[in-house]
Amino acid sequence: MRYDFKGEEGLKDKAIFAAIIIFAVVGILDVFLPNADVILLARTLQAAGSATVVVVYWPDFVEALRTNKPELGDFLIFGVTIGWMATFCQAMFVIVFRLSGNPWWFANSDLNLLWIAMSILSSVMHVIAPGLVRNEVPRRNRIGLGIGTFMGVFLACSVMLIKPDLTEALERARPYISDVFKSGESTFQADEVDRR
């Protein structure tokens, strides 16, 4: 595996630099282009970035699946790869959705369940990844997994039982979130409301 680097590279510096560049570019584009166009552009970049992560991690992902004695990082490699596969699928789905005029039958397609399930699998693999102490899952991760699972089931059941109507609350928030810079209508055919 290639994940045992012991050098002095600074994570914080690289993350801050990348965040500044990404948020600056998106912010500048948002001032001049309609929101729908910026979101479509950002989704396209997200799909490309996600695909890049999957391609880079793929050899180690396959190796992790084939091994009978997984190393500590194999759980995370599996989770990262599956998670970014899910992000790629979601981004491509939203691109097709937007370029097709936002058809709601497509938004409720069974396809969505595939990458949602992949994301859930990815989150589980991240949480249950073995720690560095005796190859055992640290106690906080077991507790976190238990709490997360309980909260997820509780919230899912609550939403399904109550099915709250958020239309009014969303409409009240619309002036603050719909098009802050009033950059105008989109160049492609899509609904006025940003449907994701």
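## Salt bridges

A salt bridge here is a side-chain nitrogen of Lys or Arg within 4 Å of a carboxyl oxygen of Asp or Glu. This is a predicted model, and the structure holds 2 salt bridges.

One joins the side chains of Arg172 and Glu168, at 3.2 Å from N to O. Both residues sit in helix α7, which spans residues 167–177. They are 4 residues apart, about one turn of the helix. Arg172 and Glu168 are both exposed.

The other links Arg174 with Glu171. Their closest N and O atoms are 3.4 Å apart. This pair also belongs to helix α7, with a spacing of 3 residues, or about one helical turn. Arg174 is partly exposed at 26% relative accessible area. Glu171 is partly exposed too, at 41%.

## Aromatic pairs

The structure holds 7 aromatic pairs. In one of them, the ring centres of Trp58 and Phe61 are 5.1 Å apart. Their planes meet at 35 degrees, so the pair is tilted: stacking needs planes under 30 degrees apart, and edge-to-face needs over 60. Trp58 and Phe61 are 3 residues apart in helix α2 (residues 35–66), about one helical turn.

How exposed or buried are the two partners? Trp58 is partly exposed, with a relative accessible area of 39%. Phe61 is buried, at 6%.

Phe61 also pairs with Phe78. Here the ring centres lie 5.3 Å apart and the planes are at 25 degrees, so this pair is stacked. The pair links distant parts of the chain. Phe61 belongs to helix α2, while Phe78 belongs to helix α3 (residues 72–99), and 17 residues separate them. Phe78 has 15% relative accessibility and counts as buried, because the limit for burial is under 20%.

## Aromatic cluster

Phe93, Trp105, Phe106 and Trp115 form one aromatic cluster. Leaving aside residues up to four places away in sequence, Trp115 touches Ala86, Cys89, Gln90 and Phe93.

## Nonpolar core

In soluble globular proteins, nonpolar side chains tend to be buried together. In this model, the largest nonpolar core has 14 residues. Which residues have the most contacts inside it? They are Phe61, Phe78, Ile82, Met85, Trp115 and Met118.

Several helices contribute. The elements giving two or more residues to this core are α2, α3, α4 (104–107) and α5 (111–127). The largest share, 7 residues, comes from α3.

The core also ties back to the rings described above. Phe61 and Phe78, the stacked pair, are both among the residues with the most contacts in the core.

## Nonpolar surface

Phe17, Ile21, Ile22, Phe23, Val25 and Val26 make a nonpolar surface patch of about 620 Å². One of them, Ile21, is found in helix α1, residues 11–32. Ile21 is partly exposed, with a relative accessible area of 44%.

Methods:
Residues numbered from 1 in each chain as written. Predicted model: local features only at pLDDT ≥ 70, side-chain atom pairs only at ≥ 80, totals over all residues. Heavy atoms only, no water. Phe/Tyr/Trp six-rings, centres within 6.5 Å; stacked < 30°, edge-to-face > 60°. Buried < 20%, exposed > 50% of the residue type's maximum accessible area, 1.4 Å probe, protein only. Patch = residues over 30% accessible without salt bridge, like charges linked within 9 Å, V, L, I, M, F, W, Y side chains within 5 Å. Areas by Shrake-Rupley, 256 points an atom, 1.4 Å probe, with all protein chains shown as cover. Core = buried A, V, L, I, M, F, W, Y, C linked by side-chain atoms within 4.5 Å. Contact = heavy atoms within 4.5 Å.
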